[in-house]
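Please look over the sequence and the structure first.

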Amino acid sequence: MERELSDEEGDRENLISQNARRNQNDAVKSPDRHNHRSAFRIEDELRGRVSGAARRFNKRYILAIFLPLVILIVYLTTDLKSVFQMRVPSVRDIGGGGLVVNRMRESELRALYLLKQQEIELVKMWNYTTVVGGSNFSLVNGSGSVNLNSGSDDSVLEDFKSRVFGQISLNRQIQGTLLSGHESEASVDLSANYSDSSLSDWTRCKKVDQRLADRKTIEWNPKPNKYLFAICVSGQMSNHLICLEKHMFFAALLNRVLVIPSSKVDYEFHRVLDIDHINKCLGRKVVVTFEEFAESKKNHLHIDKFMCYFSLPQPCFMDDERVKKLKGSGVSLSKVEAVWKEDVKKPNQRTVEDVLAKFSSDSDVIAIGDVFFADVEREWVMQPGGPIAHKCKTLIEPSRLILLTAQRFIQTFLGKDFVALHFRRHGFLKFCNAKQPSCFYPVPQAAECINRVVERASTPVIYLSTDAAESETGLLQSLVVLNGKTVPLVRRPARNSAEKWDALLYRHGLEGDSQVEAMLDKTICALSSVFIGSSGSTFTDDILRLRKDWGSSSQCDEYLCQGELPNFIAEDE
């Protein structure tokens, strides 16, 4: 068979070669005939190509017309959503009839039940702490056992209650999260309340009860044309406001009208205080401005008797410059003399009887000099609302314009719950290091103290009143953190016409006044939920006075790093 196949292949090759030679011979013999055939073949090929192109063009034209019609018909008659819809198997379809889902539901409901039992026990602990004040009770902390029966350790009990309250709140949040997927199926009743009303209304930083009903007061009934000329010398505006408050007490004791100092001698009190507010609170004329006093005296301004409360370092704590200012305002002075030996550095505790014995006089106009450092009936003077009987919360308070501006700022930037921080720094390092103990804290230590207060208060923002440099406030901002999030330190921004919170000050020409801005800062701090002050600062002391009088004092109010020493103190010069 292989031999036969090879013979056939040989014959085929011979035939092909013979035909090839025959075609070559024919081409040589008749070249004209070959050319003629080639011309016809080219013409036929051209006709075929043209007709083919025409047929292809007709097909494309028909396709271009009918294809959009087909697509439109399909779009109108077919639900594409059902065509492309893909069904994803749910957990219920996996594992045989929703077995996994049933197990998850049972586990979550069991967890809800256990959380409810935990909440009941926590509430029992909470209720127990409310009656612990009348019995001996001890807690163990890092420094040992603390007896909560003593008043000095009330803060420890409050911290304990705060932590219990926090756990109850966290417990209820977890229950709510688990229950959110079983609202129609859960058998656990989260609406049940196992505690008394003290739990729902409790806050760690609650307001202090000032017991205004227990105030000890004196009536201020001034005699006609009997005046006490106020003189305040020491310190800045805050010192002068405290000095004025003490002058009011002296005026009430001596039954005299108080004369507010002239702006030529002292601050422009009418820009920051509402003088008429004092008179309205008492229902009579007890305070007059310097201009009213001058008008009543027909510009014959004379201090008939100058009795100095302080004798050292100089009588009435007045230097020659202050005397020149008084005379420059048109006031003539009698001889300046001290009624007793009293040093501003070591003031003695004085009583009402002492004051009446030394300063009572029949003269029309008297002056007793600066009384900022005077220590007269301290508890009486420092009580909420002050020592004078009146129908208002306090007598010396910011003007109505400043109060409204502070409220608008709080509504714009802070909201109802915020901590206010007075962070005194400028000139405070030397001042504090001269005291024992020092009150100037490194910024990182101050931040730790602030963080503890913010954690107790649970507030989202801090209002910062400070004279510190940007380098210090920037570092402080980076270190004030609650639950891993930075707590913003808000300061009053520069005036912006797009913001309207300070429009009242702008319209009444009070914008840019440093004393107005200082009083605005005080007012914002006095309205805060919790206040952190700077120990040794009269600015802080005046804020604490306003908070006490307005009833905004909180149990969490404190001085910065109260009870701590600075962790580093520089040497003296």
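This is a predicted model: local features need pLDDT of at least 70, side-chain atom pairs count only at pLDDT 80 or more; totals for chains, interfaces and linings use all residues.

Residues are numbered from 1 along each chain as its sequence is written, and side-chain values use heavy atoms, with hydrogens and water left out.

A nonpolar core is a set of buried Ala, Val, Leu, Ile, Met, Phe, Trp, Tyr and Cys residues joined through side-chain atoms within 4.5 Å. Buried means under 20% relative accessible area, exposed over 50%, and partly exposed in between (1.4 Å probe, protein chains only). The largest core has 69 residues, and W220, L258, L273, Y309, L414 and I524 have the most contacts inside it. Helices supplying at least two residues each include α7 (237–254), α13 (400–414) and α18 (514–526); helices (H or I, at least four residues) and strands (E, at least two) are DSSP runs, numbered from the N terminus. The largest share, 12 residues, comes from α7. Another core, of 25 residues, lies apart from this one and has A446, A447, C449 and L560 among its members.

Strand β14 (residues 462–466) has 5 of its 5 residues buried. On one side these are I462, L464 and T466, and on the other Y463 and S465. Strands pair if DSSP finds at least two bridges between them. Strand β13 (residues 419–423) runs parallel to β14 and is joined to it by 5 bridges, with V419 partnering I462. Strand β17 (residues 489–490) is also parallel to β14, with 2 bridges, and there L489 is the partner of I462.

L546 belongs to helix α19 and is buried, at 1% relative accessible area. Leaving out residues up to four places away in sequence, L546 contacts (heavy atoms within 4.5 Å) I396, E397, P398 and A526.

Side chains of opposite charge can pair when their charged atoms come close. In a salt bridge, a side-chain nitrogen of Lys or Arg is within 4 Å of a carboxyl oxygen of Asp or Glu. The whole structure holds 19 salt bridges, including these:

| Pair | N to O distance |
|---|---|
| D513 and R271 | 2.6 Å |
| D375 and R378 | 2.5 Å |
| D467 and R424 | 3.5 Å |

D513 is buried at 14% relative accessibility, whereas R271 is partly exposed at 21%. D467 and R424 are 43 residues apart. A network of salt bridges links E245, K522, D542, R545 and D549.
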